[in-house]
Amino acid sequence: AEAGATTALIEPTDWIGGQLTSSAVPAIDEAWHTIKPTDGGAPYSVSKVARLPVNMTPRFLQLLHAIEQRGVCWVRLFSFCPDELVAQHLDPLVAACGERLTVFLDSVVKRVTLAADGGRVTAIECIHRSPRPGLPAAGYDRLPSADLADWYEPTDSERFTKETVRFAARPGATTVFVDATEWGEVLALSGKDYLQGVEESDGALSSAPGADRCGQATVFCFAQQLHPEPVGEPDRPVRATDMGYGAYGDKPDAWTKIWTYRRLRGKGAPATGDVCLQNWGYSQKHGEGGNDYPHAYLFTSKSDTAAQLADWRGGIDLEALAGAEDRAFAWHQWFRRHAPDGIDPGRIALAPAVLGTGHGLAKLPYIRDTRRAIGLDGFVLRFADLSGPATQRTGTVFPARIAIGAYPADIHPVSTCSMPDYAVSAHDTLPFCIPFRALTHRDLSNLLVAGKTMAQSFLANSATRLHPIEWSSGTACGIAAAEMAKRGRTSAQMLADIAQLQTLVKQKTPLDWTLPE
């Protein structure tokens, strides 16, 4: 919109921001690793490079520094309450765009229409829902596993009135569609091929049989508040039993470590008024953990997904979704019962207002991997493009680079499947570049992708799925979409004139790494 294009933003919840807000992962994940050469050379701090202000998207950095009330946590430099971020910073960004940007909240994608030749998207049909008067928490009183089917149903229900909204390409003009979502539904609904789950080798264009349900664990995040007095929050029945500190089980201060891990409000030792965000991992080695849900993959298989296209409901395994919800409540209750001496467990309660729900969990689960595009010429960004010896200093410097990122491979595997050796052994990355082809679709000339839906391997996604990288690729994608629309270009034509696009993108986000001497 800032680049001059008339823009519609479609958002499934009533908060824009994705994993930063509606999925409740507001602690900004920055690169933290140092590469230690095996030949005795000097260590290379990727963290130091990534955190240089010159290497960050300026708008993103400005937003982070503008947040007044930040929690002091130990996992990252910036951590804050999502409700405050939406109201104080993201909503004003939308308003500043004026009539160029229209946001359609509480709207899910139902159908994608292609041109007769199948080479471009011509329309996206959505279901917009409005909560009926008096519905608690604006419709976020019920858990997603119970409400999701209603979201996708085009007819009115007891809870919502519905409106079908169609976004169609304008005759005689170039319309560009972007899938920069957590679920990659446009990719699935297009009927074209896409990637899902782990591949047999890094960069392969298909998965082994059954491996399309072998991906990363999901998690329902939630916020807890420490009150001055017991608040009488009742327990709810839960099924999950394998709760525990996991890898932190041998630490005498494990509870305090986890409380302050992603704290959103407060500092120092746990104290009255603290608000902490719970997103604690599961240890396969110890057979226990927090609210990370490793026991099922969230997305249905590609064959089951294809069978759902006639009446699309997100391609989500509702049993897995409910399992993740159950685990979140089980962890909340287990964790508060294990509060250290001096903290009455009754003083710890869910903080639903912080996440904008009535049930206390995030509006949607945190997604680590999703459906991914295959780019122009069959391009897929590989982990090999992100990594190398420390002496190389950066990953592959693509001539058509359009964004940058830095984070190590970080896989939270689903426990029911086995990761291939190449994925298990991967970790370190160099500061890397993202080329324009990673933002494209091989078969659809007017569809771009960004964030988790980029044309990338499963392993590469494990290192690109973090906030600064999504902001960088999203910025580049938005500018590219506006330029394609204004100039009547396909993605292939944009690639052929990449220098012009790079000039525009450099004004908003860096394309090259500034390395310390």
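Contact here means heavy atoms within 4.5 Å. I keep that in mind for the entries below, and I note that the model is a predicted one.

Entry one, H33.
I looked up H33 and found it in the loop between β1 (7-10) and β2 (34-35). Is H33 buried or exposed? Its relative accessibility is 1%, so I put it down as buried, the cut-off being under 20%. I then listed what H33 touches, leaving out residues up to four places away in sequence. The list reads Y44, S45, V46, S47, Y407, P408, H427, D428 and T429.

Next I went to helix α6, residues 254-261. I found 6 of its 8 residues buried, so the rest of the structure largely encloses this helix. The buried ones are A254, W255, I258, W259, T260 and Y261. Which elements do the buried residues of α6 pack against? I wrote down the strands β10 (222-226), β11 (263-265), β12 (275-278) and β16 (348-350), together with α8 (318-337).

Two packed helices are described by the angle between their axes and the distance between the axes. I looked up both for α2 (residues 58-66) and α12 (residues 467-487). Their axes come within 9 Å and cross at roughly 135 degrees. I therefore recorded α2 and α12 as oblique to each other. On the α2 side, R59, F60 and L63 make the contact; on the α12 side, H467, P468 and W471 do. I sorted the residues of this contact into 4 nonpolar, 1 polar and 1 charged.

Definitions and conventions. Residues numbered from 1 in each chain as written. Predicted model: local features only at pLDDT ≥ 70, side-chain atom pairs only at ≥ 80, totals over all residues. Heavy atoms only, no water. Axes fitted to C-alpha atoms, helices over the stretch in contact; angles between N-to-C directions. Helix = DSSP H or I, 4+ residues; strand = E, 2+ residues; numbered from the N terminus. Parallel < 35°, antiparallel > 145°, perpendicular 65-115°, else oblique. Nonpolar A, V, L, I, M, F, W, Y, C, P; charged D, E, K, R; others polar. Buried < 20%, exposed > 50% of the residue type's maximum accessible area, 1.4 Å probe, protein only.
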